[in-house]
Amino acid sequence: MGPLRERFWELPLAELDRAEWEALCDGCGRCCLHKIEDEDTGAIEHTNVACKLLDCTTAQCRDYRNRKAFVPDCLRLTLKIVNEVPWLPPTCAYRLRADGKPLKPWHYLVSGDRESVVAAGISVAGRVVSETVAGPLEHHIVEWDR
Ligand code: SF4
């Protein structure tokens with residue numbers, strides 16, 4: 001794999017190579033939280049309960065490479081499905097770029113600082129509990145502000 005191209009995040013998603021695609025993630029951790037879907041209406045409620053593999057203090061996956069072995073239904077976001085995942089947060093870098101919008105100023109690729117996502121209040125680091133200790137999801141419904 002070659003080096004990431006300069007300002008690759010401004011290219012259409014379809015032009016990104018695998019490493020660039022992976023590097024686009026802002027690391028917010030919001031896609032690693034459980035959601036509750038209403039069977040009848042399809043409405044989605046968000047929770048503050050994290051996948052067992054998420055490090056709740058950093059919002060990073062503790063075994064990203066092998067995550068499918070431990071969490072078979074972990075979503076692998078691809079170009080094909082990025083527009084079909086209704087619960088991606090509006091701030092998600094993939095969603096923004098799929099819509100032709102620029103990354104937010106706090107995205108590390110723009111700010112040059114991996115911690116900007118935390119300072120901007122977007123990261124779930126320190127704001128979630130692991131599914132291993134949370135108990136019923138219904139007790140953890142939250143509205144993420146943005
Ligand atoms: S919601 Fe989007 S930007 Fe945030 S961690 Fe998930 S894939 Fe990355």
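**Entry 1: the hairpin**

I began with the hairpin of strand 1 and strand 2, where six residues lie between the strands and Gly 42 takes a positive phi near 80°. The model is a predicted one, in which local features need pLDDT of at least 70, side-chain atom pairs count only at pLDDT 80 or more, and totals for chains, interfaces and linings use all residues. I number residues from 1 along each chain as its sequence is written. Strands are DSSP runs of E of at least two residues, helices are runs of H or I of at least four, and both are numbered from the N terminus.

I located Gly 42 in the loop between strand 1 (33-37) and strand 2 (44-50). I then looked up its burial, for which C-beta atoms are placed from the backbone: a residue is buried if 20 or more other C-beta atoms lie within 10 Å of its own, exposed if 12 or fewer, and partly exposed in between. Gly 42 is exposed, because it has 8 other C-beta atoms within 10 Å. I also noted Pro 86, which is 44 residues from Gly 42 along the chain, with 10.0 Å between the two C-alpha atoms.

**Entry 2: strand pairing**

I counted two strands as paired if DSSP finds at least two bridges between them. Strand 1 and strand 2 are antiparallel and share four bridges. Within this pair I found Lys 35 opposite His 46 of strand 2, and Leu 33 opposite Ala 50 of strand 2.

On the strand 6 side, His 46 stands opposite Val 142. On the strand 5 side, Ala 50 has Ser 130 as its bridge partner.

Arg 7, which is not a glycine, has a positive phi of about 50°. I placed Arg 7 in the segment before helix 1 (18-23). Arg 7 counts as exposed, because it has 9 C-beta neighbours inside 10 Å.

Ala 59 is another residue other than glycine with a positive phi, near 65°. Its position is the loop between strand 3 (54-55) and strand 4 (60-61). Is Ala 59 buried or exposed? I found 23 other C-beta atoms within 10 Å, so Ala 59 is buried.

**Entry 3: Cys 28 and the cores**

I next took Cys 28, in the loop between helix 1 and strand 1. Cys 28 counts as buried because 23 C-beta neighbours lie inside 10 Å. For contacts I required C-beta atoms, placed from the backbone, within 7 Å of each other. Not counting residues up to four places away in sequence, Cys 28 touches Ala 59, Pro 89, Thr 91, Val 117, Ile 122, Ser 123 and Val 124. I looked up the C-alpha separation of Cys 28 and Val 117, which is 6.6 Å although they are 89 residues apart along the chain.

I took a nonpolar core to be a set of buried Ala, Val, Leu, Ile, Met, Phe, Trp, Tyr and Cys residues joined through C-beta atoms within 7 Å. The largest nonpolar core has 15 residues, of which Cys 28, Cys 32, Leu 33, Ala 50, Leu 54, Val 124 and Val 128 touch the most other members. Apart from it lies another core of six residues, including Trp 9, Leu 24, Ala 93 and Tyr 94. For Val 128, I set aside neighbours within four places in sequence and found contacts with Leu 33, Asn 48, Val 49, Ala 50 and Cys 56.

**Entry 4: the ligand**

Of the 13 residues around the ligand, Cys 25, Asp 26, Cys 28, Cys 31 and Cys 92 come nearest. By class, I found nine nonpolar, two polar and two charged residues in this shell. Ala, Val, Leu, Ile, Met, Phe, Trp, Tyr, Cys and Pro count as nonpolar, Asp, Glu, Lys and Arg as charged, and the others, Gly among them, as polar.

**Entry 5: the whole chain**

Of the 146 residues, 20% count as buried.

Methods
Near = placed C-beta within 6 Å. Contact = placed C-beta atoms within 7 Å.
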